[in-house]
Amino acid sequence: MADPITSSVVSAAGSAAGRVMGPMLLGGARSRLERRAIKKRASHAEFHGADEVDAALVDISAADREKILSFTQSAEFENMCFEVAIAGCMPGDPDNHLTVLKETFEISLRRYAGMEDANIRLVAGALFAEIVAISWREVKRHQAESGIGKRAFTPEIISSYVASASRNAELHRRLTNLAAVDHFSGQLSRQCTKIHGRIRPAQTESGARVPFESLYVEPKLTTGDKRHGREDSFNVRELLKQVTRLVVLGDPGGGKTTLALKLALDVARGLGTVPALQTPLRVVLRDYAGHYKAKQESIIEFLEKQSKADYSTPAPEGAIEYLLLNGRAVVIFDGLDELTDTSLRTAVVDMVEAFSHAYPTTPILVTSRRVGYEMAPLDETLFTVSHLSPFDSNQQEEYVNKWFSHVRRSSGEGDMTGRFLVEASHASDLTSNPLMLGLMCALYRGEGYIPRNRPDLYRRCSEFLFERWDASRGITTPKPFERGIQFAMFSLALSMLRNLDGGGGMTERELIRYTSDYLLGQQYEDRDISDAAAEAFVKYCRGRAWVLTDVGTNPCGERIYSFTHRTFLEYFSARQLVRDSGDSVSLYRELRSHLVNESWDVTAQLAVQFLDERLGDAANDFVILALQDANDVSDFKQKAALISFCARLLEFMVLRPTVVRQVVRALQQMSGELEVGAKNPRRNLVSISSGWSGVSMCAPESRSVIVDELLGRDRRDRFEFDELQFAITMAQSVPRHASVETRKFWKEQDKENAREVLLDDLTQANPRAAALAVLYGLLDAVRGVEMHGPSVMTAYSVFPRLAQRTSAHNVISELAYPRLVTPEEADRIAGEVLNVLLSAPTPWMAEPQKFLIYYTSLSEWPNLAACAVLSWMLGVEMDADEPMGPEGGSEEESEFDGIGAHKFLICLARVRQRKVPESSLEDYRTLVGSEFFDFASKWARGELSMSHPDSD
């Protein structure tokens with residue numbers, strides 16, 4: 001039976017080596033497979049220095065052994081193993097760095113064990129040497145077997161580890177004992193559990209606090225490249241264990257703050273990123289930004305003040321620094337998106353990055369809205385970006401079940417959960433958002449039905465909250481100035497929205513003053529009366545967590561209040577904008593600066609819809625104004641923003657056919673310009689892509705007009721393929737939350753359009769047109785190759801850049817997982833493509849393929865399976881940037897071994913590397929058909945190459 005100390009050392013050192021490799025991995029399927037292999041290898045780490053460790057422990061008492069074992073299970077020990085593993089990745093000689101780490105290790109062990117110095121030095125030396133041996137050996141094994149040997153840390157990151165280790169050593173020398181630090185850590189975690197462990201959900205009728213888990217539904221985080229709609233899905237704690245630094249991007253109301261609070265609660269309860277106990281340190285960036293702006297306060301200083309003010313737990317000197325440097329803290333930065341002042345946000349991003357460098361071993365989570373993150377992103381060499389997925393149907397059902405379990409039901413209500421899910425199915429894009437799902441549950445419970453469009457849904461939800469909430473709970477508290485309460489809220493919301501650059505919130509004193517100023521003249525003539533009404537109004541709002549909530553304090557210690565959910569801040573602001581605007585011209589004048597800067601997006605959409613309800617045809621006038629303005633604007637980004645906004649309006653409004661045509665035409669023109677090239681292409685690409693998504697989500701009444709305009713039937717003679725491509729690839733722009741009906745419509749319409757526009761003159765003049773014609777089954781593969789050569793089947797970018805939603809961009813990879821036609825039709829087309837390619841001399845391509853897909857499964861259709869294998873083979877040639885050596889196979893190819901792809905691909909790679917005999921391939925002959933199997937075998941033997949001259 002293994003000694004417990006030995007087992008603990010092996011586990012911690014092996015795990016640390018895997019954690020070091022995690023942030024180095026590429027995204028996508030390869031990343032997922034490599035991580036899986038790393039986890040498997042880490043579980044087989046071995047202990048080779050048993051004799052030395054046994055000799056060091058031979059005279060140690062049983063009690064002292066227990067203390068040493070406790071140390072090897074501590075966060076400090078886990079952190080030391082991680083730092084030693086990092087040293088194994090450093091270029092040059094790390095001896096000086098290891099000396100510093102060893103000193104810190106010895107001091108930490110002395111504190112835990114309390115043994116004589118001679119014994120401490122002996123045990124510390126033996127254990128430290130074993131940590132180095134295990135972690136370095138495992139790091140090298142991961143590098144060799146996962147293919148990440150060439151992706152090392154940047155010099156800046158290396159220097160941050162060295163500097164933090166020196167600071168930690170100095171801190172350990174100063175601290176005489178850890179009793180005060182341990183007490184602080186435990187007390188802060190207990191306070192966090194008490195404060196965040198129970199919640200008072202705003203949408204439920206019961207005002208009682210309930211356990212956090214009673215309403216919490218575990219979200220899914222996705223990372224990596226999208227491939228055929230598939231992404232790597234993670235739990236936040238598991239992902240943070242692997243990458244250490246994580247950004248979570250999500251939509252408004254998508255659960256970012258809830259996720260951050262749940263992580264803090266888990267860490268406080270002992271479920272952190274390592275087996276040992278850790279302490280959560282949560283920073284609401286909106287609060288910190290105010291302190292930083294006023295006093296240039298550091299994050300450490302803010303954490304110390306927050307611990308005392310919010311958790312009644314004063315931090316001893318150096319305590320937070322110790323937790324951060326020794327693996328005993330998890331830091332959560334919540335709400336990066338709420339800093340709308342660009343310069344302030346950039347400054348805070350710099351502070352977070354500096355903090356990350358100062359404490360390089362500390363796990364850090366940052367949350368932000370998806371939209372706008374790229375304006376001031378965190379350094380991608382430090383942080384891995386993940387996306388908070390919308391609720392899927394299972395998560396929605398779980399949430400609704402939990403929600404209704406907290407509603408006092410009358411007899412005979414039956415299965416309200418089931419009825420709700422059926423009636424809400426038409427609003428799947430809203431029910432996938434946790435905030436809106438909760439509000440819709442409340443609305444359904446009170447109204448018995450779900451409004452069918454977004455503005456009406458927002459309106460009914462707000463009316464329900466303001467007018468019926470208290471009554472539904474049996475509360476008869478009178479509202480202040482009953483008739484004007486919503487109007488006051490509209491005005492207050494717009495004021496806060498306009499003031500977002502300054503923080504957006506208001507102190508109670510500012511709220512009362514603003515409301516009193518609004519009421520004076522509107523409803524009252526006397527200042528004292530308006531002041532009293534304003535105080536009652538603010539008190540009313542503060543008592544309802546779904547309206548205003550305490551979001552922190554200003555530098556003077558005054559509480560700051562803001563809207564709990566931005567959704568209603570935007571909705572109320574839109575209502576006020578329409579009240580202030582007499583017509584489309586005045587509303588456009590008010591919104592223009594925000595449209596070109598791509599801010600206030602939801603507010604602007606709602607305002608246009610509300611104005612159209614009020615004035616009729618106002619939306620058409622507004623869109624015409626925006627398009628005329630876009631035509632006169634020279635700045636590409638502003639032009640793209642205006643046109644994209646108009647296109648996204650089509651999702652929610654039925655505009656006049658002539659206006660719809662103008663929108664589509666403008667979007668086509670912008671897309672053509674972007675394909676050619678523009679400044680800031682990535683930002684512009686996102687903007688125009690969102691416009692095409694809006695077009696694809698148009699109301700059914702607008703579809704025929706859009707299709708006709710895309711086809712350009714009245715001006716066909718002036719169109720080239722680049723202008724017609726969107727008419728045959730609209731299905732690629734349909735967003736994920738679209739209904740099945742919408743997806744089906746555009747898929748069928750694309751193919752119908754393709755039959756009309758893919759004429760001989762287009763396919764002859766444009767290889768992409770020929771490639772798409774082959775995929776749609778409208779052009780024989782032989783004819784396509786005759787016109788453009790074999791490269792027509794392998795050329796990158798079959799779909800326009802603006803429509804590409806997957807990493808499969810050529811005919812071969814598209815046929816591996818067909819989306820444009822049925823599997824039966826796709827297998828027939830794939831057979832034609834394979835026949836013509838295999839009969840053509842190699843090489844087929846002038847340059848390597850630009851992407852690599854690691855297929856974990858292959859189709860049951862032989863020709864489709866062969867296309868998947870061929871796509872992988874082309875990608876391997878891309879990855880093999882060094883010539884094949886005498887052993888057969890490049891260094892890059894050898895790194896592929898054992899990462900979990902389909903067994904046929906692994907076997908091909910190993911035959912190509914001369915590691916297994918060619919006869920081992922025979923088991924897979926029937927999988928892909930004999931002719932392609934023989935071709936793949938020749939490739940594995942090194943007798944041919946598709947993108948380089950034949951090796952023979």
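**Exercise 1.** Which backbone nitrogen does the side chain of Asp780 reach?

*Solution.* A quick note before we start: this is a predicted model, where local features need pLDDT of at least 70, side-chain atom pairs count only at pLDDT 80 or more, and totals for chains, interfaces and linings use all residues. Residues are numbered from 1 along each chain as its sequence is written, and side-chain values use heavy atoms, with hydrogens and water left out.

Step one: find Asp780 in the loop between helix H35 (767–775) and helix H36 (781–788). Helices here are DSSP runs of H or I with at least four residues, numbered from the N terminus.

Step two: follow the side chain of Asp780 to the backbone nitrogen of Val782, at 2.8 Å.

**Exercise 2.** Work out why Asp780 counts as partly exposed, then list its contacts beyond its sequence neighbours.

*Solution.* Start with the cut-offs: buried is under 20% relative accessible area, exposed is over 50%, and partly exposed is in between (1.4 Å probe, protein chains only). Asp780 has 37% relative accessibility, so it counts as partly exposed.

Now for contacts (heavy atoms within 4.5 Å). Skip the neighbours within four places in sequence, and Asp780 touches Val774 and Glu832.

**Exercise 3.** Check the span of helix H11 (residues 256–268), and say how many of its residues are buried.

*Solution.* Take 1.5 Å times one less than the number of residues. For the 13 residues of H11 that gives 18 Å, and the end C-alpha atoms are 18 Å apart, so the two agree.

As for cover, 11 of the 13 residues in H11 are buried, including Leu259, Leu263 and Val267. After H11 comes Gly270, with a positive phi near 95 degrees.

Methods
Helices (H or I, at least four residues) and strands (E, at least two) are DSSP runs, numbered from the N terminus. A polar contact is a pair of N or O atoms within 3.5 Å; within protein, one must be able to donate a hydrogen and the other to accept it, and residues adjacent in sequence count only if both atoms are side-chain atoms.
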